Amino acid sequence: MQIPQVVLDTNILVAGLRSRRGSSFQLLMQIGTGKFDIHLSVPLVLEYREVLKRELPNLYTTETDIENLIAYHCSVGIRHRIFFLW
């Protein structure tokens, strides 16, 4: 059986860090367990960082925790180069 491949939209991270009761939090807790692989690109990671820091007053976490979360995602995620055709 093939492991599911996912790209997490930024709103999943925001929702998961706002509340521990929802499915977004449960999804975040499964990252790195081998139940699915997450895929990342540099623009996506930069978006994660920008949005989470902007939403920091609404989250139950610190800026250091956000940086650690992003670093963890980068360590377990599968990286992709994006080539834009302008």
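A contact here means that heavy atoms lie within 4.5 Å. Keep that in mind for the whole chain. Among contacts in the protein chain between residues at least 6 apart in sequence, 68% join residues at least 24 apart. The model on your screen is predicted.

**Stop 1: the whole chain**

Count four helices and three strands. Now trace the chain from its start. The elements come in the pattern β-α-α-β-α-α-β. The radius of gyration is 13 Å, close to the 12 Å that the globule rule gives for 86 residues, so the chain is as compact as a globular protein of that length. Turn the model about. The C-alpha trace spans about 35 × 35 × 20 Å along its principal axes.

**Stop 2: the surface**

How many of the 86 residues count as buried? The share is 33%.

Next, colour the charges. There are 9 positive and 8 negative charges in the protein chain.

**Stop 3**

Hide the surface and select the three strands. In what order do they stand in the sheet? The order is β1-β2-β3, the sheet is open, and the pairing is parallel. Look at the edges, where β1 (5-6) and β3 (78-80) stand. Each has a single partner strand, so one side of each is left without a neighbour in the sheet.

**Stop 4: β1 beside β2**

Select β1 together with β2, residues 37-41. Two bridges pair these strands in the parallel sense. Zoom in on glutamine 5. Opposite this residue stands aspartate 37 in β2.

**Stop 5: strand β2**

Keep β2 alone on the screen, then bring the rest of the chain back around it. Is β2 mostly covered or uncovered? Mostly covered: four of its five residues are buried. For this count, buried means under 20% relative accessible area.

**Stop 6: β2 beside β3**

β2 and β3 run parallel, and three bridges join them. Finish at serine 41. Histidine 80 in β3 stands opposite this serine.

Key
Residues are numbered from 1 along each chain as its sequence is written. This is a predicted model: local features need pLDDT of at least 70, side-chain atom pairs count only at pLDDT 80 or more; totals for chains, interfaces and linings use all residues. Side-chain values use heavy atoms; hydrogens and water are left out. The radius of gyration is taken over C-alpha atoms; the globule rule is 2.2 Å times the number of residues to the power 0.38. Buried means under 20% relative accessible area, exposed over 50%, partly exposed in between (1.4 Å probe, protein chains only). Lys and Arg count as positive and Asp and Glu as negative; His and the chain ends are not counted. The place of a charge is taken as NZ of Lys, CZ of Arg, CG of Asp or CD of Glu. Two strands pair if DSSP finds at least two bridges between them.
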